[in-house]
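Here is a brief report on one protein chain. Keep the sequence and the 3D view open while reading.

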Amino acid sequence: MTNATKHCRNFAPSPTCSLCCSLPETVLHTLSDCAEVRQLWSQSDCRQAIDLIYSAEAPSSVLSLVRAITRLRRMDWEVTIIWVPRDANRAADTMAKLADPSDYSLRVFHGAPLEVATFIELAKLRL
Ligand SMILES: [Zn+2]
């Protein structure tokens, strides 16, 4: 959540970007306008998607998302896209699937959903 959004919801004292401290921290500012943002990290559990994004055919892909990611990679940023096995990210994957795909509003969990609690307990045992 950006500072601008947090500020609108009374979660932050200021909407100002925490990196450049000069403009409101909106999604657009964070992704394209902030002079301090030069690193972009993204993760995916789909190995084929990562291979497609890094392929020589990506700029002319029939998939608009792949072409858009290719354009982002050409910007003056350090872009890193890495593959994370789905089993290593099961809690986040499960929470993403709990979302209603037709509802873009913010969903706040005040505790771990029951569907995720098992994964959290298993992760604690591995530590
Ligand atoms: Zn900024």
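## Overall dimensions

The protein chain has a radius of gyration of 18 Å, whereas a compact globule of 127 residues would have one near 14 Å. This is a predicted model. Along the principal axes, the C-alpha atoms occupy a box of roughly 40 × 40 × 35 Å.

Of the 127 residues, 6% count as buried. Contacts were also sorted by sequence separation. Among those between residues at least 6 apart in sequence, 35% join residues at least 24 apart.

## Confidence

The mean pLDDT of the protein chain is 84. A score of at least 70 is reached by 99% of the residues. Helix 3, residues 47-53, has the highest confidence, at a mean of 90. Strand 1 has the lowest, at a mean of 76. Where pLDDT is low, predicted coordinates should not be read in detail.

## Elements and domains

Six helices and two strands make up the secondary structure. Read from the N terminus, their order is α-α-β-α-α-β-α-α.

The chain is split into three parts: domain 1 covers 1-36, domain 2 covers 38-84 and domain 3 covers 86-127. The centres of domain 1 and domain 2, taken over C-alpha atoms, are 25 Å apart.

## The strand pair

How do strand 1 and strand 2 run, and how many bridges join them? Strand 1 (residues 39-44) and strand 2 run parallel, joined by six bridges. Two facing pairs can be picked out. Gln 39 stands opposite Glu 78 in strand 2. Gln 43 stands opposite Ile 82, also in strand 2.

Are these strands covered or in the open? Strand 2 spans residues 78-83. None of its six residues is buried, so strand 2 lies largely in the open. The cut-off behind this is 20 or more other C-beta atoms within 10 Å for a buried residue.

## The annotated span

The UniProt record, an unreviewed entry, lists residues 36-99 as "domain: RNase H type-1". In the model, this span is 42% helix and 19% strand. Its end C-alpha atoms lie 32 Å apart.

The limit for an exposed residue is 12 or fewer.

Leu 28 belongs to helix 2, residues 27-33. Leu 28 is exposed because 12 other C-beta atoms lie within 10 Å. Thr 2 is 26 residues away from Leu 28 along the chain. The C-alpha atoms of Leu 28 and Thr 2 are separated by 10.0 Å.

How values were computed
Residues numbered from 1 in each chain as written. Predicted model: local features only at pLDDT ≥ 70, side-chain atom pairs only at ≥ 80, totals over all residues. Helix = DSSP H or I, 4+ residues; strand = E, 2+ residues; numbered from the N terminus. Pairing = 2+ DSSP bridges. UniProt positions renumbered as here; feature names shortened; annotations may be inferred. Rg over C-alpha atoms; globule rule 2.2 N^0.38 Å. Contact = placed C-beta atoms within 7 Å. Domains from an automatic or database assignment. pLDDT = per-residue confidence, 0-100.
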